[in-house]
Amino acid sequence: MKTWFTMDEMTNEQDEAVQSDISITGIHFQYYLVCHRKLWLYSHNIRFESEHENVHIGRFLHKDRYKREKKEITIPGAMAVDFIRTSDGLELCEIKKSKRLEPAHKLQMMFYLSYLKERGVSARGTIVYPLMNRREPVTLDEDGIMRVNSVKTEIAKIVTNELPPPVRMKSCRKCAYEDFCFGDAA
Ligand code: SF4
């Protein structure tokens, strides 16, 4: 049995130990880029999302504009994709209201593609912005895989540490946790 490790190996072992304790989903990836406090709250099941107006708008967009598309696909504990297309290989499609959080949308999709690739399933992704009539393709290359793995490690560290303090930013105005974070000052 090996009894010594290089620093890199030790870091990898610690990262894997942290990651193995939590189940990381696409939402974690999105919140990682939005706000680490939001990521922490969500990960500890402190959730107010269902009451927020953005969620209702998202549901409306999904039901109304894409009701003829194939059904949502869900892999419990990993992903829930709005709809898929299969006419030219597997294409995962996510519907989003605006491009304000586009980097987070793309990172979330890269996580889905990486999750499937690890299980031998090739796919590509598309983020659909119906209100802007835009479709943004997402593919997974080697850099993308490395980015997904490194963010996965960062997420695990944030979630297993203390709750980050609230820091006022642009996203707070559209965040379901605003009252929780800032109370009367919201
Ligand atoms: S209100 Fe702001 S600080 Fe609080 S969780 Fe939301 S984005 Fe983060």
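M110 is in contact with V138, L140, G144, R147 and V148, its neighbours within four places in sequence left aside. M110 is also among the residues with the most contacts inside the largest nonpolar core, together with L39, M109 and Y112. The model is predicted. The protein has 186 residues, of which 25% are buried.

**Overall layout**

- The secondary structure consists of seven helices and six strands.
- Along the sequence these elements follow the pattern α-α-α-α-β-β-β-β-α-β-β-α-α.
- Taking contacts between residues at least 6 apart in sequence, 62% of them join residues at least 24 apart.

**The nonpolar core**

- The largest nonpolar core contains 31 residues, and L39, M109, M110 and Y112 have the most contacts inside it.
- At least two residues of this core come from each of helix 2, helix 3, strand 2 (79–81), strand 4 (91–95), helix 5, strand 5 (124–129) and helix 6.
- Helix 5 gives the largest share of the core, with six residues.
- In soluble globular proteins, nonpolar side chains tend to be buried together.

- Four strands form an open sheet in the order 3-4-5-6, and the pairing is mixed.
- Strand 3 (83–85) and strand 6 (134–138) are the edge strands, each pairing on one side only.
- From one strand to the next, the twist averages 25 degrees.
- Three bridges join strand 3 and strand 4, which pair in the antiparallel sense.
- I84 has L92, in strand 4, as its bridge partner.
- Helix 5 packs on this sheet and touches strand 4, strand 5 and strand 6.
- The direction of helix 5 makes about 150 degrees with that of strand 5.

**P103 in helix 5**

- Helix 5 spans residues 102–118 and includes P103.
- P103 has 12 other C-beta atoms within 10 Å, so this residue counts as exposed, the cut-off for exposed being 12 or fewer.
- L33 lies 70 residues from P103 along the chain, while the C-alpha atoms of the two are separated by 7.6 Å.

**Helix 3**

- Helix 3 (residues 36–43) is largely enclosed by the rest of the structure, because seven of its eight residues are buried.
- The buried residues of helix 3 are H36, R37, K38, L39, L41, Y42 and S43.
- Their cover includes helix 2 (26–34), helix 6 (142–160) and helix 7 (178–182).
- After helix 3 comes N45, which has a positive phi, near 60 degrees.
- L39 of helix 3 is buried, and L39 is also one of the residues with the most contacts inside the largest nonpolar core.

**Around the ligand**

- The residues around the ligand are C35, R37, K38, P166, V167, M169, S171, C172, C175, Y177, E178 and C181.
- Helix 3 and helix 7 each contribute at least two residues to this shell.
- By class, eight residues of the shell are nonpolar, one is polar and three are charged.
- R37 and K38 belong to the residues around the ligand, and both are buried in helix 3.

Terms used:
Residues are numbered from 1 along each chain as its sequence is written. This is a predicted model: local features need pLDDT of at least 70, side-chain atom pairs count only at pLDDT 80 or more; totals for chains, interfaces and linings use all residues. A residue is buried if 20 or more other C-beta atoms lie within 10 Å of its own, exposed if 12 or fewer, and partly exposed in between; C-beta atoms are placed from the backbone. Two residues are in contact if their C-beta atoms, placed from the backbone, lie within 7 Å. A residue is near a molecule or strand if its C-beta atom, placed from the backbone, lies within 6 Å of it. Ala, Val, Leu, Ile, Met, Phe, Trp, Tyr, Cys and Pro count as nonpolar, Asp, Glu, Lys and Arg as charged, and the others, Gly among them, as polar. A nonpolar core is a set of buried Ala, Val, Leu, Ile, Met, Phe, Trp, Tyr and Cys residues joined through C-beta atoms within 7 Å. Two strands pair if DSSP finds at least two bridges between them. Axes are lines fitted to C-alpha atoms, for helices over the stretch in contact, and angles run from 0 to 180 degrees between N-to-C directions.
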